[in-house]
Amino acid sequence: MFSSLTSKERQNVLNEFPELSPNLIKRYEKTFTRYDTDNDGYLDVEDLKGMMMVRGVPWSHSAIIRLIRDADEDGDGKLSFREFLITQRKNAEWARRVLCALPEIDVGRVGVKGAKKYFEAKQLLSTAPHIKHVSH
């Protein structure tokens, strides 16, 4: 896990996931550890089902299988912490695309922080060629 890595290994993780701050990676590590119910260093289907239920977003078995398949680079049917970070990256990219698709944002409803995220996503969209704009 991130906390137990050497400084060089931590730097490698930060280099691979430059969009994630060290604090955010530590938060993801806490989440990963919390739901790794058998403490084997992986999240399997049952672990992820439990996570989704606790978070109030129950997913179907097939949706969780797809989530694992999308990030499971070694094909073992479960997520290592690194593969879990890949899912978080994909979730963040999806959220940015959805946010960028909004033509405008109501600051009174989402607040200043919400507006900041909106404009940061718009700025990222204009500077990142790998993220395509979703148009209406």
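The protein chain contains 6 helices and 0 strands, where helices (H or I, at least four residues) and strands (E, at least two) are DSSP runs numbered from the N terminus. Along the sequence the elements follow the pattern α-α-α-α-α-α.

The structure is a predicted model, in which local features need pLDDT of at least 70 and side-chain atom pairs count only at pLDDT 80 or more, while totals for chains, interfaces and linings use all residues. Residues are numbered from 1 along each chain as its sequence is written, and side-chain values use heavy atoms, with hydrogens and water left out.

**Confidence**

The mean pLDDT of the protein chain is 82, pLDDT being the predictor's confidence in each residue on a scale from 0 to 100. A value of 70 or more is reached by 85% of the residues.

**Burial and surface**

Of the 136 residues in the protein chain, 32% are buried. Buried means under 20% relative accessible area, exposed over 50%, and partly exposed in between (1.4 Å probe, protein chains only). The chain exposes about 9,000 Å², of which carbon and sulfur atoms supply 55%; accessible areas come from the Shrake-Rupley method with a 1.4 Å probe, and for residues only the protein chains shown count as cover. Among contacts with a separation of 6 or more, 41% are between residues 24 or more positions apart.

The table lists relative accessibility for selected residues.

| Residue | Relative accessibility | Class |
|---|---|---|
| Phe 32 | 0% | buried |
| Met 51 | 4% | buried |
| Phe 81 | 11% | buried |
| Asn 39 | 64% | exposed |
| Lys 30 | 65% | exposed |

**Aromatic pairs and a charge over a ring**

A search of the whole structure finds 3 aromatic pairs. Rings of Phe, Tyr and Trp (its six-membered ring) pair if their centres lie within 6.5 Å; planes under 30 degrees apart count as stacked, over 60 as edge-to-face and the rest as tilted. Phe 32 and Phe 81 form an edge-to-face pair, with 5.5 Å from centre to centre and 80° between the planes. This pair links distant parts of the chain, since Phe 32 belongs to helix α2 (residues 22-35) and Phe 81 to helix α5 (residues 81-101), 49 residues apart. Through ring pairs, Tyr 28, Phe 32, Phe 81 and Phe 84 are linked into a cluster.

Lys 78 lies over the face of Tyr 42, at 4.4 Å from the ring centre. A charge sits over a ring if NZ of Lys or CZ of Arg is within 6 Å of the ring centre and within 35 degrees of the ring normal.

**The annotated EF-hand span**

UniProt, in an unreviewed entry, places the feature "domain: EF-hand" at residues 23-58. UniProt positions are given in the numbering used here, feature names are shortened, and annotations may be inferred rather than shown by experiment. In the model, the span 23-58 is 64% helix and 0% strand, and its end C-alpha atoms lie 27 Å apart.

Met 51 lies in helix α3. Beyond its neighbours within four places in sequence, Met 51 is in contact with Thr 31, Tyr 35, Leu 43 and Phe 84. Met 51 and Phe 32 are 19 residues apart in sequence, with 9.2 Å between their C-alpha atoms.

Lys 30 is found in helix α2. Asn 39 is found in the loop between α2 and α3. Its phi is near 55°, a positive value in a residue other than glycine.

Methods:
Contact means heavy atoms within 4.5 Å.
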